[in-house]
Amino acid sequence: MAALNLTHSDPSIFILMGVPGMEDAHIWISIPFSTSYIISLLGNFIVLFVVWKEETLHKPMYLLISMLALTDITKSSTVVPKALCIFWFNLKGITVRGCLTQIFFLHSVSFVQSAVLMIMAFDRYVAICNPLRYTTILTNERIAMLGLAGLVRALLFMVPLPLTLSRLPFCDNHIIPHTHCEHMLLAMISCGDITFNRMYSFVVPYVLMGSDLMLIALSYGLIIRAVLRISSKRAHQKALNTCTAHICVMLMFYIPVLFTTLTIRFSGGITPLVRIILNVLYYLIPPMLNPIIYRVKTQELRDKVGKYTCRR
């Protein structure tokens, strides 16, 4: 009730409800949130530290893994701390500026991560199809420039989001049935025309991520063609093993994104609980598992991480 009264006294405050209908279980829900967040931060910071510390890992592939770790840290840190404040302290209020900032960072980092995964696919293509020219085609400087281009692309496409949302009128309803601010959830509680927001939320993700997926599919198509031309089964296995980690990370990213986008776009019949579960799968599980996957599947990284974590 205090949260509801706050919306009437201060129209510049939105109320995040956490998990609607399960308020009594918020403390229990916070356990997987906090646990996965701690594991995510620990795993990704270890990867960043080891890659930074070891000169032998100053290579394009590990630079890309570091970029992925940074996006994972940013993505989970944008969502989880506020969600834990709701679960632990019932601090449900968030300012308009804070809500718009959260939306901007969430969507921007998602598009940056999509770009990084696309660059990783190209990296795997060059490593398998043109191994002798790998060091000349993909240098650290070129990878950094490609990563910067992905960041600039995301920021340019995301700038209109907070601008259009800030101009929408909000009447009496300031309740957001979620653990964090989402573009379409915020737009749908507005009492203004959200036609542009609906179109933007549908077109932009499919244009940006769709183009990334097309390039990823092209890279793997060329990889499969090159692998099938190799007669040695051992070479087949080695080539495919180099792609396993990337494929796992890619599936964990794009599948939840697809379902989350569809549930927000076509929200009829989708309960808030289902929507929140899908968001948890996207914002918590991949950041927690990505460093584990790359440590398990990448021998050199595994050895270097073990050098620091298994010291006596």
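Predicted model: local features only at pLDDT ≥ 70, side-chain atom pairs only at ≥ 80, totals over all residues.
Two disulfides were identified in the model. One of these joins C99 to C181, with an S to S distance of 2.0 Å. The link of C99 and C181 is left-handed, with -120° about the S-S bond. C99 belongs to helix α4, which covers residues 96-129, while C181 is found in the loop between β3 (175-176) and α8 (183-188), so the bond ties together parts that are 82 residues apart in sequence. Both C99 and C181 are buried.

A disulfide also joins C171 to C191, again with 2.0 Å from S to S. Here the angle about the S-S bond is 90°, and the link of C171 and C191 is right-handed. Because C171 lies in the loop between α7 (160-166) and β3, and C191 in the loop between α8 and α9 (195-228), this pair ties together parts that are 20 residues apart in sequence. C171 is partly exposed, with a relative accessible area of 44%, and C191 is likewise partly exposed, at 41%. With the bonded cysteines counted along the chain, the disulfides follow the pattern 1-3, 2-4.

C129 takes part in no disulfide; the nearest cysteine sulfur, belonging to C243, is 8.9 Å away. The relative accessible area of C129 is 23%, and the residue is partly exposed. C248 is also in no disulfide, and the nearest cysteine sulfur is that of C243, 11 Å away. C248 counts as partly exposed at 34% relative accessibility.

The largest cavity holds about 340 Å³ of space. It is lined by 21 residues, of which H107, E182, S201, P205 and T261 are the closest to its centre. At least two lining residues of the largest cavity come from each of α4, α8, α9, α10 (233-265) and α11 (272-283). By class, this lining consists of 13 nonpolar, six polar and two charged residues.

Among the open sites, the largest pocket has a volume of about 680 Å³. Its lining comprises 27 residues, and those closest to the centre are M61, D123, R124, A127 and T242. Two or more residues of this lining are given by each of α3 (60-89), α4, α5 (134-137), α10, α12 and α13 (299-309). The largest share, seven residues, comes from α10. The lining of the largest pocket divides into 15 nonpolar, six polar and six charged residues.

The second largest pocket has a volume of about 300 Å³. Of the 19 residues that line the second largest pocket, L70, T71, V109, V112 and L151 lie nearest its centre. Helices α3, α4 and α6 (140-158) each supply at least two residues of this lining. The most is given by α4, with eight residues. The lining of the second largest pocket has 14 nonpolar and five polar residues, and no charged residues.

Helix α12, which contributes to the lining of the largest pocket, covers residues 285-297. This helix of 13 residues reaches 18 Å from its first C-alpha to its last, close to the 18 Å expected at 1.5 Å a residue. The buried residues of α12 are P286, P287, M288, N290, P291, I293 and Y294.

Note on methods: Residues numbered from 1 in each chain as written. Heavy atoms only, no water. Disulfide = S-S within 2.5 Å. Helix = DSSP H or I, 4+ residues; strand = E, 2+ residues; numbered from the N terminus. Buried < 20%, exposed > 50% of the residue type's maximum accessible area, 1.4 Å probe, protein only. 1 Å grid on protein atoms, 1.4 Å probe; cavity = no way out; pocket = protein on both sides within 12 Å on 5 of 7 lines; lining within 4 Å. Points joined across faces, edges and corners; volume = space filled by probe spheres on them. Nonpolar A, V, L, I, M, F, W, Y, C, P; charged D, E, K, R; others polar. Expected span 1.5 Å × (residues − 1).
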